[in-house]
Amino acid sequence: MTWRVVKLEEHSAELNMAIDEAVCEFVANGKSKATIRFYKWKPSAVSIGYFQSLEDEVDVRLCKDLGFDFVRRRTGGGAVYHDAKGEITYSVIAPEKIFPKGITESYHVICGWIVDSLNELGITAEFKPINDIITHGKKISGNAQTRRNGVLLQHGTILYDLDVETMFRLLKVPKEKISDKMISDVKQRVTSIRDIKGDSVSEMNVAAALEKGFTNGKEFEYGKWTKEELVRAHELVKERYSKQEWNFMR
Amino acid sequence: MKGYAIEKVENGKLVKIKVDFDERINSIQILGDFFLHPEESIFEMEKQLKGIPSSQSQESIQLILENYLKTSHAKLIGMTAEAIARTVKKAMNEGVQK
């Protein structure tokens, strides 16, 4: 099986999520190859899990004031702050039959590719069920998976340069809980590539390491989106990801 | 009356219940950062609890949810029917917002 790899690109939150869904459809009907994509969010954005309430989780007004995007994902999991300069996101979209049937086992396989990528950068890391990757006891990557029509979608984020203060301003934690103590507590539990490696690792280094870790031992070719995929993605932006009915559904 | 409760499952995820009820549950939302495959099953799970007597025990709420998950082949990850049922009862018993 030959994979398509789409190199690091950047899009709005709604288009990023729409591309994932559009490509799932095209992989499901056999019109697109299994795909690995790397992307950033421009502007910065917050994504929330399928089962979350946007207004409960996110300071929507602040998000708008800062010019940031917000979007509901098709996957479960928690709210994520996608800093335009502080993380790289990936998606793996492929027939589910090539992965273990068990959810945790399949997380383990794909998260293993992230662990390999971090190893490339000299960072030792491990998969921590259900959906995290940790290094020296701190979270460096969060992941989420869904399966539909025989296709597995797993997307996740690799923290490159963590801005805890902005994250806390955007994600709604009761105001009385936002103390210096809590921010430093999160810093104890979450880390980033820059926290570990300092300025010696550039974003390009991270992107290259991810490509290597994800493609190791696979047949693959670099590719772009087809016209049909992009047309469908833009339809999905209009139909779903830009809609109040979707983003404020719960 | 409206009720609200939250629980973090040990080694798992968080569930938040928002419920509107009197003698029966009028409406309910099961929110959180857990996983459920397929995702749309959440609406059916909520529908299963709508209209049941508010006095229903935690165990019978759990049974309703477990039966639904079993027959629909939906799968909760990082969450259990037991934790959801416990949080539903907590929302109606201790989490009433006046």
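Predicted model: local features only at pLDDT ≥ 70, side-chain atom pairs only at ≥ 80, totals over all residues.

Residues are numbered from 1 along each chain as its sequence is written, chains are lettered from A and ligands numbered from 1 in the order in which they are written, and side-chain values use heavy atoms, with hydrogens and water left out.

**The interface**

Begin by selecting both chains: 22 residues of chain B are in contact with 23 residues of chain A, contact being heavy atoms within 4.5 Å. Together the chains bury about 1,800 Å², of which 55% lies on carbon and sulfur atoms; buried area is the accessible area (1.4 Å probe) that two parts lose on being put together, summed over both. Next select Phe35(B), His37(B) and Glu39(B), which supply 33% of the area that chain B buries against chain A, more than any other three residues.

Then show the side chains of Arg148(A) and Glu40(B), which meet in a salt bridge at 2.7 Å, N to O. A salt bridge is a side-chain nitrogen of Lys or Arg within 4 Å of a carboxyl oxygen of Asp or Glu, and the count between chain B and chain A is 6 salt bridges.

**Arg4(A)**

Move to Arg4(A), in strand S1 (residues 2-11) of chain A, where strands (E, at least two residues) are DSSP runs numbered from the N terminus. Arg4(A) is buried, with a relative accessible area of 7%; buried means under 20%, exposed over 50%, and partly exposed in between (1.4 Å probe, protein chains only). Its side chain makes a polar contact with the side chain of Thr35(A) at 3.0 Å. A polar contact is a pair of N or O atoms within 3.5 Å; within protein, one must be able to donate a hydrogen and the other to accept it, and residues adjacent in sequence count only if both atoms are side-chain atoms.

Which cysteine sulfur is nearest to that of Cys24(A)? Select Cys111(A), whose sulfur is 17 Å away, and note that Cys24(A) is in no disulfide, a disulfide being a pair of cysteine sulfur atoms within 2.5 Å. Over all chains the count is 0 disulfides. Cys24(A) is buried at a relative accessible area of 9%, and Cys111(A) is buried at 0%.

Notes: Helix = DSSP H or I, 4+ residues; strand = E, 2+ residues; numbered from the N terminus.
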